Amino acid sequence: MLSEPHRKYRSFPPVDLPDRHWPQARLTRAPTWASTDLRDGNQALFEPMNLERKLRFFRLLCEIGFNEIEVGFPSASQTEFDFVRLLIEGGHIPERVTIGVLTPAREPLIERTIAALRGAPRAIVHVYNATSPHFRAVVFALSEQQVVDMAVRAVEQVRGATDALPETRWQLEYSPETFSATELPFALRVCDAVTQAWDAGAERRVILNLPATVELATPNVYADQIEWMHRHLARRESVVLSVHPHNDRGCAVAAAELAQMAGAERVEGCLFGNGERTGNVDLVTLALNLYTQGIDPGLDFSDIHRVARSVEHCNQLPVHPRHPYAGDLVFTAFSGSHQDAIRKGMAVQAAQPTDTHWEVPYLPIDPKDVGRSYDALVRINSQSGKGGIAFLLEQDHGLVLPRRLQVEFSGRVQREADALGGEISSTQLWDLFAAEYLQAAAPVELLEHRIDAQPAASAAAAAAAATRLSARLRVAGHVMQLHGEGNGPIAALAQALQRRLQLPLLVHSYEERARGAGAAAQAVTFIELSLAGSTVSRFGVGLHANLLTSALQGFCSALNRLLQALPDTQRQRWLQRALRAAHDGDIDRFASAS
């Protein structure tokens with residue numbers, strides 16, 4: 001690249017419009033949408049669509065709700081001509097849809113174009129010729145007057161041919177190709193000449209389409225050009241002011257939005273922005289941008305996945321996974337802070353009345369409005385945090401984790417993601433959680449348990465009575481029986497372990513929740529334990545249809561994880577003590593008492 005690019009390139013001159021109005025304007029309604037996928041988009045493909053793919057695409061556009069569809073360039077090839085005839089003769093055009101075709105301002109090509117449209121109920125004949133200084137001087141070697149004359153002759157030919165075919169409702173569209181590079185006074189001169197030649201009126205409106213054939217400047221400059229034309233066009237009330245932005249600078253969507261603020265009433269473009277070079281303006285993004293501002297776009301993208309897959313089939317081009325609204329990853333967060341914000345926002349939104357405005361961090365649109373589920377909102381890799389992990393466990397597996405457990409488990413997931421070097425699926429996440437909290441049965445495993453009933457003289461005495469627990473455990477491979485008392489089964493088990501194994505356990509937190517509903521519901525318990533005098537604590541999780549069993553399983557899970565966290569020498573001393581206690585115990589008494 002050049003160190004002094006200004007020696008080779010010059011900045012685009014601004015438009016002298018000091019009292020411009022568009023910066024204060026707001027979009028309040030959708031424009032007239034015109035799809036050029038079957039013409040402009042098609043001519044930009046490696047392999048142009050055949051009749052089958054073009055017909056499928058046409059039907060898709062009709063289903064989405066387009067009323068104006070430019071279906072081809074019939075003078076360019078027999079395939080293009082045949083497709084227009086197929087639509088007309090095959091009865092494929094819905095009553096509300098007007099088809100359009102493009103033709104250069106050349107007599108034989110216009111004649112061929114009109115022939116292709118014969119018998120159509122409604123049709124737009126789109127005529128163009130280039131108007132910019134460079135094209136006038138270098139490409140065509142024409143004077144300004146010759147360019148005007150070319151446009152007028154073409155319009156007069158279209159007018160004469162279409163007047164002779166009154167069974168069709170005709171409309172003229174004219175594009176000064178390379179408008180964005182044309183001097184505004186000359187662009188106005190050509191457009192006014194076309195309007196006069198067509199004899200535009202209230203019942204005979206002309207579409208003046210002002211394309212950014214090549215995007216040359218910032219979107220505000222294009223908006224200035226549109227507003228200048230909007231102010232100065234003759235017979236303005238008889239003109240449909242249309243724009244056709246290209247995306248050479250990556251600003252086509254912004255240019256189209258600002259152009260509408262500047263007076264444009266109609267927008268031409270393609271689904272997902274397909275088109276020559278960097279493409280045409282993306283109509284999906286434009287329409288859904290309006291939708292997120294509370295404006296009905298008049299186009300139906302409620303199943304955006306189906307639309308994207310259909311367009312991919314017809315164009316043989318992929319939709320990028322980060323494409324706005326439609327990409328496979330646009331509703332997915334990997335970043336931990338994003339995941340946490342989404343999880344909290346979704347929880348608040350779910351608790352609001354249904355008519356509450358949508359306000360979820362990082363999600364400008366509700367994925368369900370475009371047919372996407374919440375399944376892909378959060379995906380886990382090495383960048384993910386506790387919020388995303390908790391979200392997936394809650395959404396996919398019905399498990400709502402306490403915050404401190406989220407923190408604890410996220411460290412385990414982080415290590416796994418780093419080891420794998422890639423994404424962890426929801427299934428893998430559950431398997432990891434189960435292995436860490438639900439399946440660890442060593443060195444302590446709960447085998448049996450029983451709450452011993454105590455006769456009480458009164459209800460008050462029963463309420464004050466301690467819970468008596470008998471439990472059979474396998475400890476370090478040996479079975480032992482424990483008995484304990486406390487103000488609940490967890491306290492009773494902790495007391496039994498301390499008395500029998502000299503294990504001073506502290507219960508820091510205990511939570512119980514339901515997983516699922518009805519007959520299939522399970523009790524989930526979360527228990528956090530530590531040893532007296534130690535700063536190390538660990539969570540355990542129990543999962544069982546019986547709440548008591550779930551609680552005791554959760555206790556053993558926490559105990560096993562706590563023992564694993566002890567230094568080796570301390571853990572070995574405890575195991576030796578447990579083995580001695582097991583040999584001293586009476587393992588048969590539990591069974592006989594049962």
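Let's start with R39 and E70, whose side chains meet in a salt bridge, N to O at 2.7 Å; by that term I mean a side-chain nitrogen of Lys or Arg within 4 Å of a carboxyl oxygen of Asp or Glu. R39 sits in helix α1 (residues 37–41) and E70 in strand β2 (residues 68–72), 31 residues apart, so this pair links distant parts of the chain. Helices (H or I, at least four residues) and strands (E, at least two) are DSSP runs, numbered from the N terminus. Both R39 and E70 are buried, meaning under 20% relative accessible area, while exposed is over 50% and partly exposed lies in between (1.4 Å probe, protein chains only).

A quick word on the source: this is a predicted model, where local features need pLDDT of at least 70, side-chain atom pairs count only at pLDDT 80 or more, and totals for chains, interfaces and linings use all residues. Residues are numbered from 1 along each chain as its sequence is written, and side-chain values use heavy atoms, with hydrogens and water left out.

Now, how exposed is E445? It is partly exposed, at 28% relative accessible area. E445 forms a salt bridge with R474, with 2.9 Å between the closest N and O atoms. The pair ties strand β9 (residues 444–452) to strand β10 (residues 467–475), and R474 is partly exposed at 32%.

Finally, shared partners join R159, D163, D199, R204 and R235 into one salt-bridge network, and the whole structure holds 37 salt bridges.
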